[in-house]
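Please work through the exercises below with the sequence and the model side by side. Try each task before reading its solution.

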Amino acid sequence: MHDDRFFDKTLEMIEGGMLDFAMPMLVGKLYGAFGHREGWFKTRDTYRKHPLRAVMMEDPYIARCVTKPRGYAGDAELIDLIYDRTPPETASERGRRIFSHGIEFQASEGVRQRRDYAEKFVGQAFQDGKRILCLACGHFREGDPLIGKNLERIDLVDQDPLSLAKVRSRHGEAVRCHEANVFSYLRGAVSRGEQFDLVYTLGLTDYLDDRAMSLLHRMVKSVLAPEGRFILANFMPNHLAIGWMDAVMDWQLIYREPAELARFADAAGFSPKTWIDRTGAIAWCEMESPW
Ligand SMILES: C[S@@+](CC[C@H](N)C(=O)[O-])C[C@H]1O[C@@H](n2cnc3c(N)ncnc32)[C@H](O)[C@@H]1O
């Protein structure tokens, strides 16, 4: 009842032209409710049955995440909406205004800063002539500054053929794209004796359970060259849009603190360095090959 009244009020405010006031309150309400696990599923269910949901679905960022046209949450087209901050022409005026809020949330800014940081270390490794492996590359947007360059020392892996087609359309047919699950790619790379100086992944480990995380670390260790580096980024628990992402976007991630990331690294024999980004939404773990 209490939740229903809150969503009624939010809808009234939006319909009364006060969308910019309603949005922060809604995100805050969902953050608070997410923290009370016993009541959370009820709150989420109430939101999903409420007419407010149809209004939120006018936002193309929310709609794509909920409808999952590629069959999974967080596809590279969706991530491009975050990077480019540009909604499709077809979005309603109200949808665009909702979009302009979500796209500035701490979590969205964290995703943009994640790419920016990767752009730096990938650019440096490229310049140094290192062999680079990107796992779950999506559209490889951190590689934008490398468009037009010879990428023969970079290998890009993703399970989604449409994302790889986009990478080829931007970087040329010669780019080394591998359409594969990262684990089967790594298995093949180990058996071929491949070695990389830099292996990194952004937006993958948030979907991997602990067993898959351990396997990932062990497999990456087997393909790291001496003095090679393995870098990953994982969403932090308790970022401020955590309830919003779960209820409104139907986007569930596996959240991890830096200490948890360090444990996977330690168990695989790496000496990890971990840190939290400036937004507080993303934890980074950087590992050096142990030999
Ligand atoms: C959230 S997007 C991140 C894309 C890109 N790394 C970025 O940061 O912009 C996740 C990507 O991981 C890919 N992916 C998820 N699980 C995968 C797996 N097990 N093997 C290969 N690719 C995977 C998806 O196809 C998608 O392109």
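The model is predicted, so local features are taken only where pLDDT is at least 70 and side-chain atom pairs only at pLDDT 80 or more, while totals for chains, interfaces and linings use all residues. Residues are numbered from 1 along each chain as its sequence is written. Helices (H or I, at least four residues) and strands (E, at least two) are DSSP runs, numbered from the N terminus.

**Exercise 1. Check the span of helix α1, and find which of its residues are buried and which are exposed.**

Solution. Begin with the length: the expected span of a helix is 1.5 Å times one less than its number of residues. For the 14 residues of helix α1 (residues 2-15) this gives 20 Å, and the end C-alpha atoms are 20 Å apart, which agrees.

Next, apply the burial rule, by which a residue is buried if 20 or more other C-beta atoms, placed from the backbone, lie within 10 Å of its own, exposed if 12 or fewer, and partly exposed in between. The buried residues of α1 are Phe-6, Thr-10 and Ile-14. Seen down the axis of α1, these buried residues fall within an arc of 75° (taken from the directions from the helix axis to the C-beta atoms), so they line one face of the helix. An α-helix has 3.6 residues a turn, so residues three or four places apart point the same way. On the other side of α1, Asp-4, Arg-5, Glu-12 and Glu-15 are exposed.

Finally, look at the cover over the buried residues of α1, which includes α2 (19-34) and α4 (52-56).

**Exercise 2. Describe how strand β2 is enclosed and paired.**

Solution. Five of the five residues of β2 (154-158) are buried, so the strand is largely enclosed by the rest of the structure. Ile-154, Leu-156 and Asp-158 point one way from β2, whereas Asp-155 and Val-157 point the other way.

For the pairing, two strands pair if DSSP finds at least two bridges between them. Strand β1 (residues 132-135) pairs with β2 in the parallel sense over four bridges, and here Ile-132 stands opposite Ile-154. Four bridges also join β2 to strand β3 (residues 176-179), again running parallel, with Arg-176 as the bridge partner of Asp-155.

**Exercise 3. Find the partners of strand β7 and the sense in which they run.**

Solution. Strand β7 (residues 282-288) is mostly covered, with five of its seven residues buried. Strand β5 (residues 224-235) runs antiparallel to β7 and is joined to it by seven bridges, where Phe-230 stands opposite Met-287. Strand β6 (residues 271-276) is also antiparallel to β7, with six bridges, and Lys-273 has Glu-286 as its bridge partner. In the hairpin of β6 and β7, five residues lie between the strands, and Gly-280 takes a positive phi near 80°.

**Exercise 4. What surrounds the ligand, and what is the phi of Ala-136?**

Solution. Counting residues whose C-beta atom, placed from the backbone, lies within 6 Å, 19 residues surround the ligand, and the closest are Ala-136, Gly-138, Asp-160, Leu-202 and Gly-203. α6 (76-84) and β2 each supply at least two residues of the shell.

Ala-136 lies in the loop between β1 and β2, and its phi is near 60°, a positive value in a residue other than glycine. Ala-136 is buried, with 22 other C-beta atoms within 10 Å. Phe-140 lies in the loop between β1 and β2, has a positive phi near 50°, and is buried with 26 other C-beta atoms within 10 Å.

Terms used
Two residues are in contact if their C-beta atoms, placed from the backbone, lie within 7 Å.
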